[in-house]
Amino acid sequence: MAGPTGRGNSLGAALGDLLRSQVTPRHRLSSYTAKHWHAQLSQLTATHRGQQALEDAGLHVTTTTLINWLSDAEYNIRRSYRDIIHTAYENTAIVPADPIPDHIKQGQYEISGVVKTGDDERTRGTPDAAPLRIDGSRGHWDEIEELWLAGELTDDEFEDHFIDDVIVEDIGEGADGWEFPVASYSVEVR
């Protein structure tokens, strides 16, 4: 039975595709595009989530003051208040990434594509060569998850950390490190 699969033009891209098919990455809501403090405040006060973000950011003003601000886009408010509104707006606009689930961190990986270690270079996942099988449960996922949650897990970072923190932890360094030099990979997790 086949499990979730990711495909890409590098090992990192295939891993990223696999992860994004399973959980939501950190992202910005497309409806949060306001630049001016008044537009941001208007959008925030329209929802409970926005009002909570204002409170969490430290905006403590009277209802009368808030009504005055909302009724006049040219109202002169202190820079510190504009900064608080902006912080609340950004906190509301960004949706945090889902954590990497256990079935990804504990899964059995099958990597298809060109795999090179030392002088041994072959295309894995063909009738002539089995996929490279990696036990994800032996890996150290902390740095990968930290980058993922911060929205900073690029394909190159994912590939580098997966090689160093998962592949090497499971099957060792290989003859002379691990390389994935060609532009087409698929990664299945079981």
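The structure is a predicted model, in which local features need pLDDT of at least 70 and side-chain atom pairs count only at pLDDT 80 or more, while totals for chains, interfaces and linings use all residues. Residues are numbered from 1 along each chain as its sequence is written, and side-chain values use heavy atoms, with hydrogens and water left out.

A2 lies in the segment before strand 1; helices (H or I, at least four residues) and strands (E, at least two) are DSSP runs, numbered from the N terminus. A2 counts as exposed, with 59% relative accessibility. Here buried means under 20% relative accessible area, exposed over 50%, and partly exposed in between (1.4 Å probe, protein chains only). Although A2 and E188 are 186 residues apart in sequence, their C-alpha atoms are 7.6 Å apart in space. Strand 1 itself covers residues 5-8, with G6 and G8 on its covered face and T5 and R7 on its uncovered face. Its partner is strand 7 (residues 185-189), and the two pair in the antiparallel sense over 4 bridges. For two strands to pair, DSSP must find at least two bridges between them. Within this pairing, G8 stands opposite Y185.

Attention now turns to charge. D142, E143, E146, E152, D156, E157, D160, D164 and E173 form a negative surface patch. Patches are made of residues with over 30% relative accessible area and no salt bridge; like charges are joined within 9 Å, and nonpolar side chains (Val, Leu, Ile, Met, Phe, Trp, Tyr) within 5 Å. Lys and Arg count as positive, Asp and Glu as negative, whereas His and the chain ends are not counted. The place of a charge is NZ of Lys, CZ of Arg, CG of Asp or CD of Glu. Accessible areas come from the Shrake-Rupley method with a 1.4 Å probe, and for residues only the protein chains shown count as cover. Helix 7 (142-149) and helix 8 (155-171) each supply at least two residues of the patch, and the largest share, 4 residues, comes from helix 8.

The whole structure holds 8 salt bridges, each being a side-chain nitrogen of Lys or Arg within 4 Å of a carboxyl oxygen of Asp or Glu. One of them joins E90 and R28, whose closest N and O atoms are 2.6 Å apart. This pair links distant parts of the chain, with E90 in helix 5 (residues 79-93) and R28 in strand 2 (residues 27-28), 62 residues apart. E90 is partly exposed at 24% relative accessibility, and R28 is partly exposed at 36%.

Another salt bridge brings together the side chains of K105 and E145 (3.1 Å, N to O). Because K105 lies in helix 6 (residues 102-105) and E145 in helix 7, the pair ties together parts that are 40 residues apart in sequence. K105 is buried at 16% relative accessibility, and E145 is buried at 14%.

R190 and E110 form a further salt bridge, with their closest N and O atoms 3.5 Å apart. R190 lies in the segment after strand 7 and E110 in strand 4 (residues 108-117), so this contact ties together parts that are 80 residues apart in sequence. R190 is partly exposed at 47%, whereas E110 is buried at 15%. Both belong to a network of salt bridges that links E110, R133, E188 and R190.
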